[in-house]
Every structure is written in C-alpha cells, then in structure tokens.
Amino acid sequence: MKRQWWQDAIIYQIYLRSFKDSNNDGIGDFKGLISKLDYLSDLGITALWVSPHYESPMDDNGYDISDFFKVSEDYGTLKDVKEFINEAHKKNIKVIFDLVLNHTSDEHEWFKAAKDPVHVDHHKYHDYYIWQKPKYDEAGNRQMPTQWLSWFGGPVWEYNDLTDEYYLHIFSKKMPDLNWRNNDMKRDLKDIAKWWINQGVDGFRVDASNHLEKNWDFPEGHPGYEHFSGLPMHHKYLEDFGIEVFKPNNVMSMGEAGNATKEEALKYCGFDSNEFDMLIHFGHCWADLDFSNQVTPGKWSSGKVNVRHIKSSYDKWFKMLNGNGWNLIYWHNHDQPRVISHYGNDTSYRVQSGKMLAYSLYLMPGTPIIYQGEEIGMVNVDYEKLTDFRDVEVYTEYKNFIQAGATHELAMNTLRNRSRDNARTPFQWDESSYAGFSKVTPWIKVNDNYKSVNLNSQMNDRNSIFETYKELIKMRKAEQLNDGIIEFIDIENEDAFIYINETSNAKFLVISNFREKEITVDLNIVNSGYRNILYNYSERELVNVMKLQPYEALVYKMTK
Ligand code: NOJ
C-alpha cells in the first residue's frame with residue numbers, strides 16, 4: 001500500500017466545547033480553536049479530530065444531532081468551520097470530523113416525522129428508526145419489548161404514545177437509533193458525509209461504529225449488549241459506506257469497536273479493508289475494573305490497575321495487524337477519566353506518573369492520539385456537588401447507585417473517579433480566571449487546580465509534563481517511531497511496563513514502573529550500547545537488575 005498521511009500523523013483530539021471560548025459565552029468554539037492552531041502546530045500536531053460540531057440540543061454534548069448540515073450555534077457558523085479547515089491546512093494540519101451514524105437526536109426532522117402519524121413525511125421516516133409494539137403482562141400492564149440496557153444505564157426503550165410503540169435508543173432516550181436496514185436512510189447518511197467531504201475535511205472518526213446492526217428478533221436479555229453490538233452485519237454496512245464514501249474521496253476513516261478477533265480486526269482496518277483505515281479499540285481502557293461491587297457496578301468500580309492487561313491488549317493489536325494493518329495508540333478520550341488519575345497518581349506523583357505514562361505509550365509504534373489537556377497533565381475533577389456534573393450519563397447512574405444502596409458520598413466519589421466529565425473540563429491555559437478558557441463562567445466548572453496545573457506555567461519549563469510531550473512528539477517524527485516493531489519484555493510482570501521498539505536505525509527500550517512503590521526488574525538484556533535518553537527522576541545506566549522508584553520510567557536508545 002502507498003504510504004498514507006495518517007501513518008505519519010500525530011493526532012490530537014479536540015473536545016470543542018472545552019477547548020477555547022472566543023466569544024465569551026462559556027462554551028468553546030471554532031474561533032477559539034483557530035486562535036490556538038499555532039499552539040497545536042508548535043506542539044507538533046499534524047491532525048485534529050474534532051468532537052461533533054453539528055446542530056444539537058446537546059443532550060450528549062453534540063452526539064445527539066438534530067441537523068447534520070448545520071453547525072451548532074454554540075460553536076460558530078459554517079464560515080468559521082471553513083476558516084478553521086483552511087487555517088489548519090495552511091499549517092499542514094489535517095482535519096478529522098466526528099461522524100455519528102448510529103443515531104440522531106429526537107429533535108431531528110426525521111424523528112419528528114417518524115414519531116407522528118399525521119406528519120406529512122411520516123411514512124417515509126418512520127422506518128428510519130427502530131420501533132416495536134408494547135408487550136402486555138397478564139394484568140394488562142404495558143411492558144417494554146425487552147429488558148435490554150442502554151450504555152447510559154437506563155432501558156433502551158422509550159414509549160411513543162402517538163404510534164403506541166417503543167423506539168430503541170442504546171444511548172440516551174433523546175438519541176433514537178437509526179435503522180440500518182433502511183436503504184433510504186443509508187443513502188441520506190452517505191450524502192451527509194459527502195457534503196462534509198466537499199467542505200474540505202480529510203477524515204472521519206466514526207462514532208459507535210460497531211452498534212449499527214441490531215438483532216431484529218428482539219430476544220430477551222439483560223443487559224443484552226450482544227443484541228446490539230458487534231453483530232456481523234455491521235461490517236457489511238461499514239464496507240458499503242467505505243466503498244462509496246471514504247475510499248473514492250480519499251478520506252481517512254477511523255472507527256471505534258470494543259473487542260475483535262484477528263479476522264475481525266483485519267475486516268475493520270486491514271490494509272485491504274474497505275471499512276476503515278484505523279480502529280480505536282478499547283482493550284487497554286478500564287484495566288482496573290472491580291467486578292465484585294454490585295452497588296456501583298461495571299466501569300464505576302475501580303480496583304488495582306492491571307498492568308498486564310494493558311500490555312497484552314496492545315501486544316494483541318500489534319500482532320493482529322502486524323504488516324497487514326495500522327495500529328492506533330492512545331491513553332483515553334472524552335469517555336474515560338483522565339489517565340493520570342486513572343492509571344497514574346494525581347496526588348503525590350502527578351508529574352512523575354504523568355511522564356511515566358507518556359513514555360510508556362508514546363515510544364510505541366502506530367499513530368498516536370493525544371487527548372486535549374493530557375499534554376499538561378490535567379487530572380480528574382474535584383466537584384463537590386452533583387449539579388457540578390454535566391454528563392447525561394451521570395444523572396441516570398447516580399440514581400442507579402442510590403437505588404442499589406450507595407450513600408450520596410459513595411456515589412459522588414464514584415463520579416469523581418470514573419465519570420466522563422473528568423475528561424471534559426475546560427482546558428487549563430493559564431492562571432487567570434477560568435483558567436484562560438473563557439472570561440465568563442464556563443458551561444462546566446474548571447478544575448480547581450488550574451493555578452498550579454496550566455499550560456502557561458509549563459511552557460519552557462524543562463521539567464514539565466508539557467515539555468516532555470513536546471520532546472516525545474519531536475522524537476517520534478525524527479526517529480520514525482510510528483514505523484517500528486514492538487516487543488514487550490516480561491509481559492507477565494504485574495507492575496512493570498517494558499518494551500523495545502525497533503526502528504530501522506535504532507532500538508528504543510522503555511522501562512516503566514506503574515506502581516506507587518519501589519519495584520525491582522530483572523531485565524536480562526545485554527547492554528550493547530543503550531544510552532539513557534529520557535528519565536523522570538535522574539539519568540541511569542542500564543544494568544540487568546534495576547530497582548525502580550515509584551512511577552520511575554526510563555527510555556534508552558541504542559543506535560544500530
Ligand atoms: C461514543 C462517543 O465517544 C460518546 O461520547 C457518545 O456518548 C456515544 N458514542 C454516543 O454517540
């Protein structure tokens with residue numbers, strides 16, 4: 001395959017709402033983003049993935065789209081979007097937009113027609129969504145078609161009295177799922193994507209891409225995820241879409257999907273695949289689940305970070321795609337907690353663990369995605385009140401926790417630890433009010449630590465997390481780390497994260513301690529010229545048995 005731009009890219013994810021507010025309405029926008037393009041370009045970023053910017057009632061911060069062709073007033077105008085694309089291109093930065101194909105907002109014109117039998121377009125649009133008649137119990141009470149659970153915690157069904165039917169929503173009830181068995185609907189979605197391609201975008205991140213097909217027998221199940229996730233037919237839908245929209249227009253596409261076998265991985269993003277170019281996979285995320293907790297179940301309970309699990313997920317993906325596809329590497333996005341709080345230590349070791357996590361990931365091959373604020377070591381929220389949170393998921397889950405017997409205290413701790421809002425607070429630019437994000441109260445509270453954690457104080461400080469990221473990005477490009485071959489060492493080790501990335505010119509050895517305690521690693525590596533080029537404590541010579549301090553990390557280079 002001809003070398004593609006995305007194989008050499010350094011992608012940065014912009015959560016637009018929280019990046020930079022230009023018009024002082026408390027919400028990030030395109031003009032704010034444009035004003036920071038120099039910053040991003042200096043950092044070495046070559047592609048930006050921007051969270052959904054379309055018209056939306058913002059039930060799920062824009063993943064609930066009411067008009068795919070319009071730009072949300074919160075974020076600016078189509079003129080601003082075009083200016084953003086132009087300005088980014090002038091700086092050799094590619095633009096990747098979020099493409100939401102699984103659902104719309106319930107305020108989308110399609111859904112308004114679909115739910116209302118007297119609407120002139122009812123017959124056309126009813127079938128754009130997924131409807132089922134109610135069931136009735138023996139006493140004649142109306143029941144939902146199944147007990148399936150939505151990803152945001154409640155039931156997947158919402159009753160529509162106008163048609164006496166339930167509609168399916170696997171996210172919030174304001175996000176009805178589209179019916180991918182309807183050809184007109186697919187045609188419309190393809191036209192939407194083509195329209196944005198004509199505005200100049202270089203790529204798409206395809207939201208919820210493994211959920212497009214549903215089991216239309218609607219078998220009973222609880223939570224029932226297997227009936228609306230990863231069903232074989234979604235590959236066919238994605239392939240058709242790719243063949244008609246992405247490939248002929250030469251736009252990059254990256255999907256998202258949970259687990260995959262080798263066969264599936266290659267279907268999604270093998271070099272010969274027509275579905276995607278790359279895949280955002282989640283195997284390394286949530287590597288600390290505690291399944292014993294029934295009060296705050298699933299992702300909401302954290303145990304010890306399973307370092308082996310993180311390594312083996314990456315190892316698996318590198319091996320599955322080896323030579324036949326291209327891997328993406330990232331720590332987290334807007335759906336997970338901040339990585340330092342999650343896998344590092346945001347109290348006594350914020351800087352050390354932040355650098356350790358950076359070395360551990362960004363020396364790997366593949367294309368990296370850096371999440372906004374990660375480069376300055378932003379951490380989880382410190383919110384005191386439930387109303388400080390904004391995420392729709394938080395409110396459903398809070399109720400669930402309380403119903404299951406959690407105290408308010410426990411529920412709040414859980415949200416501070418695990419909710420998606422942790423990653424969604426305003427970018428901390430400087431020490432001025434609202435962290436320089438806006439001049440007015442932002443849509444979501446700034447993290448209280450902004451006076452000590454902000455970009456301004458870290459720029460030009462050789463020891464800062466920010467300068468570490470800058471250096472790593474420079475090194476990735478200079479050393480062509482994207483192209484290397486990775487080999488994990490002592491992959492079974494429960495505390496250490498050790499690997500070699502071998503490029504055509506050199507070998508890079510990364511040794512990290514993921515724990516808050518001292519550990520000893522027995523490397524069994526012949527030191528034939530390894531030089532210590534990066535460290536988060538102090539420079540050290542490589543020896544076979546090394547004692548590592550809490551969160552200590554070292555990078556060695558051996559030129560071939
Ligand atoms: C995945 C997105 O990343 C998440 O933020 C969103 O809530 C769901 N898909 C639904 O669109």
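Here is a walk through this structure, from its sheets to its hairpin and its ligand.

Keep in mind that this is a predicted model, in which local features need pLDDT of at least 70, side-chain atom pairs count only at pLDDT 80 or more, and totals for chains, interfaces and linings use all residues. Residues are numbered from 1 along each chain as its sequence is written, and side-chain values use heavy atoms, with hydrogens and water left out.

Let's start with the sheet of 8 strands. It is open, its pairing is parallel, and its order reads E13-E12-E11-E5-E2-E1-E15-E14. Two strands count as paired if DSSP finds at least two bridges between them. At the edges you'll find strand E13 (278–281) and strand E14 (328–330), and each has a single partner strand, so one side of each is left without a neighbour in the sheet. Ignoring direction, neighbouring strands of this sheet are turned by 25° against each other on average. Now zoom in on one pair: strand E1 (residues 11–14) runs parallel to strand E15 (residues 367–371), and 3 bridges join them. Tyr12 has Ile370 in E15 as its bridge partner. Helix H3 (residues 78–90) packs on this sheet, touching strand E2 (47–50) and strand E5 (94–100), and its direction makes about 140° with that of E5. Such angles run from 0 to 180 degrees between N-to-C directions, using axes that are lines fitted to C-alpha atoms, for helices over the stretch in contact. Contact means heavy atoms within 4.5 Å.

Next comes a sheet with antiparallel pairing, where 5 strands form an open sheet in the order E16-E17-E18-E22-E20. Strand E16 (485–488) and strand E20 (531–535) stand at its edges with a single partner strand each, so one side of each lacks a neighbour in the sheet. From one strand to the next, the twist averages 20°. E20 is joined to strand E22 (residues 553–559) by 4 bridges, and the two run antiparallel. In this pair, Arg531 stands opposite Lys557 in E22. Two helices are worth a look here. Helix H11 (residues 350–362) packs on the sheet and touches E17, strand E18 (506–513), E20 and E22, with its direction at about 145° to that of E18. Helix H9 (residues 307–321) lies across E16 and strand E17 (496–502), running at about 20° to E17.

Most residues other than glycine have a negative phi, and most peptide bonds are trans. Asp164 isn't a glycine, yet its phi is positive, at about 55°. Asp164 sits in the loop between strand E9 (157–160) and strand E10 (165–168). Those two strands pair in the antiparallel sense over 4 bridges, and Glu158 has Tyr167 in E10 as its bridge partner. The hairpin of E9 and E10 has 4 residues between the strands. Elsewhere, the peptide bond from His222 to Pro223 is cis, with omega near 5°. You'll find Pro223 in the loop between strand E11 (203–207) and helix H7 (233–246).

A polar side-chain atom of Asp207 lies 2.7 Å from an oxygen atom of the ligand.

Definitions and conventions
A polar contact is a pair of N or O atoms within 3.5 Å; within protein, one must be able to donate a hydrogen and the other to accept it, and residues adjacent in sequence count only if both atoms are side-chain atoms.
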